[in-house]
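Here is a friendly note to read alongside the model. Take your time, and find each residue as you go.

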Amino acid sequence: MDSGKLAVFTSSGDTSSQRKPKAARLINDALPPADLECDLVIVYDTESGSVPEEKKTTEVIEDSFKLLLAELVNAGFCFKVRVNKPGSVFIFVKASDAVVSFASYRSQIKDWLFGIRTSAPVIPASQDKLDDDFSTSERLRLVHDRLTNSQKDHGLGITPGQSDWVFVKSIFALHDPQFNVAWIERWSTKWALDDDELDIIKNTFGEKIALYFAFLQYYFSRLLFPTVMGLGAFFFLPSYSPIFAIISSLWCSVFIESWKRREVELAVKWGVRGCSGLDTHRATFKGESEREDPVTGALVQYYPPWKRVVKQFTAIPTALAAGLILIGVQAVVFVIEIFLSEIYDGPLKQYLVFLPTALLATLVPTFTAFYNIIATRMTDWENHVTERTYDTAMTQKMFVLNFLTSYMGLFLSSYVYLPFGHLIAPNMDFISATMQRFIGEKASAKNFTINTHRLRQQYIYFTATAQLINFFVETLLPYIQRRAFKEAKKLQEKVTGAYEQVFKDNEIEAPFLARVRAEADFPDYVVGDDYREMVVQFGYLSLFATVWPLAPLFSFINNWFELRGDAVKICLDTKRPIPGKAETIGPWLNNLIFLTWLGSLTTSSLVSMYRFSATEPDCSYLVSTRPWVLLAAVLLSEHAYFVARYLIRLIYDALDSTVVQKHQRQKYLNRQQTLKRSLPDEEPIEALEHEEIVVTEAKRDEWRAAIAEAVATLQTSLVKNEADKKEE
């Protein structure tokens, strides 16, 4: 490692651990040797559990490996192969600047034809060297697309675990330790993210990840208003104040409409406005026949749309059944909790009160994991043509489950326990009889008194305590587990006196290969999981903010740490995200709109039911509020929501955006230029041609030798794997 590189990690060039910044101590900063510098790493694993045993023969494994390397060679990629573990190797893939330049030019043409670019691309003056402003994210995106996209989208169609690529376990990008260290150190001293910081994220991780951080930063900053209003309502307004309820509902609508404007501005600034229309075809899509495309006239794979619609409709009863089961489980646990905490007063009560929590902590995650498997298989079964429609279908399926798991307890307390608890409790004698059978004590519900603070206590837990726990589990726990596992492994080696090293790496390459093996075991970063977390939090504020006005304050504090925690998670706990284009947060925006609409109903009903009775001992709230008054309040609130949203949209549409204006002017000037070029006296517009890369026979001989060397490396790994199996 040269001194120039070391200077990044230390304040004054000193490489001692005492002088390293805190972030550098957390990150493995082993940089790659010159011959292992790469764009992407392909993990070729012959021991994958998803591969049928009949395919795990030496002949099939080597033929599949040679096919993979031949595809890389024919596409103009360079590669190096190193051993990962018995039966598995790393393929370090690097694209030449000529390959990336051609892919970039083709991508620019496509963007221009679909109206994403406002000007026609210019043929690069030289293919051998990229422009200095060519971003890392753009390079990784182009290389990954070239490897994984279907042939229809000018890719090799290398899909891990599918078809000819069953032994390809994953394709991932390596982290940049220098950037990660600087990123974490810089964010630890910043209060908020500016547009320059978002541009850095965009140039490193792509627009999709940058858009998530832009959304989280925007949401965090806009939470300041309801936080201040909530503090005022908490100290100066009565419980379930209609004033705070109206302010909260209006804020939700304003936030959504203002974010839609922010999305457009970022998309225009980053040059991805309209990229949602560029659908990437799924490599796993299977057509039933070939038909002529009515638009292009080309032969394309065809799958009858009505079949996909029928399959999607089958997801509705599946989701309903899953929802009913989940509601039933939560309702039963809810009843058990009420009985144990507020009715039962026998032996072991101090331990039994934890039974409902244990049941929920066990049953809900298990059911969620099972539903995830079903939802994934059903979405795969629907056979979507593009990645966008697939992601939308999967997101909506998961949103239904997340909605039920996140809010059902609050709905039960709001609309069942508090208004009808005094009617239900006397009929719980069957639980008393069951408890008497197992414990010998009979509990009576005659003296049952409704806990008037239950709804608020639940809401405080979800918006304060649960967010703290989730931050710990999401950000800190994986790091602690990884360190604990590492220390346990060292202790085991010390006790047994054996140091397990499968292969002796080259001394220069060893630190880097150790980092690659560690990153290969990291889970993929799924930005949808972080969106889901923020959408669920937004739902708590839009649906139940009137219950406890301090909820926005805790969300505000949580999101400051969430911004930095997600950055740390990307750097330390997950694989480096593959860059992707995005101009919007996609289906999550529709989920936010739905929660805002539903919040207009829940907020008005909660205020009507509990505003006059929150402090009274009699909790028959629905009895004290006439049904027609409640219905009128809900209907009035819903209509007011639609009117307010329409007016807010009109206001934002009337406001001019400087960024959008510049974009529209550029489009106008380009249209004028194209019109002038189309006149007979002018030269015709520049031909958009670009020749493919020519590969000489000498270069092919060099690549054949590289393939032979790579196959030998794989054979060494296989021999070691077989030897280990015989020893076992």
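The points below go through salt bridges, a helix pair and a surface patch.

1. First, a word on what you are looking at: this is a predicted model. Please keep that in mind when you read the distances and areas below.

2. Let's begin with charged side chains. Those of opposite charge can pair when their charged atoms come close. In this model the count comes to 21 salt bridges, and the next points visit a few of them.

3. D145 and R141 form a salt bridge, with the closest N and O atoms 3.4 Å apart. Is R141 buried or exposed? R141 is buried, because its relative accessible area is 8%, under the 20% cut-off. D145 has 22% relative accessibility, so it counts as partly exposed.

4. Now look at a pair that reaches across the chain. The side chains of D195 and R262 meet in a salt bridge, at 2.8 Å from N to O. D195 belongs to helix α7 (residues 195–205) and R262 to helix α10 (residues 242–270), so this pair ties together parts that are 67 residues apart in sequence. D195 counts as partly exposed at 32% relative accessibility, while R262 is buried at 17%.

5. Next, find helix α8 (residues 207–222) and helix α19 (residues 551–572), which pack with their axes 9 Å apart at an angle of about 160°. That angle is why α8 counts as roughly antiparallel to α19: the cut-off is over 145 degrees. The crossing of α8 past α19 is left-handed.

6. The side chains of D530 and K569 meet at 2.7 Å, N to O. This pair links distant parts of the chain, with D530 in helix α18 (residues 527–544) and K569 in helix α19, 39 residues apart. Both D530 and K569 are buried.

7. A nonpolar patch of about 620 Å² is made by L231, F234, F235, F236, L237 and I243. Which helix gives the most to this nonpolar patch? Helix α9 (residues 224–236) does, with 4 residues. L231 is found in α9, and its 31% relative accessibility is why it counts as partly exposed.

Terms used
Residues numbered from 1 in each chain as written. Predicted model: local features only at pLDDT ≥ 70, side-chain atom pairs only at ≥ 80, totals over all residues. Heavy atoms only, no water. Patch = residues over 30% accessible without salt bridge, like charges linked within 9 Å, V, L, I, M, F, W, Y side chains within 5 Å. Areas by Shrake-Rupley, 256 points an atom, 1.4 Å probe, with all protein chains shown as cover. Salt bridge = Lys/Arg side-chain N within 4 Å of Asp/Glu carboxyl O. Helix = DSSP H or I, 4+ residues; strand = E, 2+ residues; numbered from the N terminus. Buried < 20%, exposed > 50% of the residue type's maximum accessible area, 1.4 Å probe, protein only. Axes fitted to C-alpha atoms, helices over the stretch in contact; angles between N-to-C directions. Parallel < 35°, antiparallel > 145°, perpendicular 65-115°, else oblique. Left-handed = near helix turned anticlockwise from the far one by under 90°.
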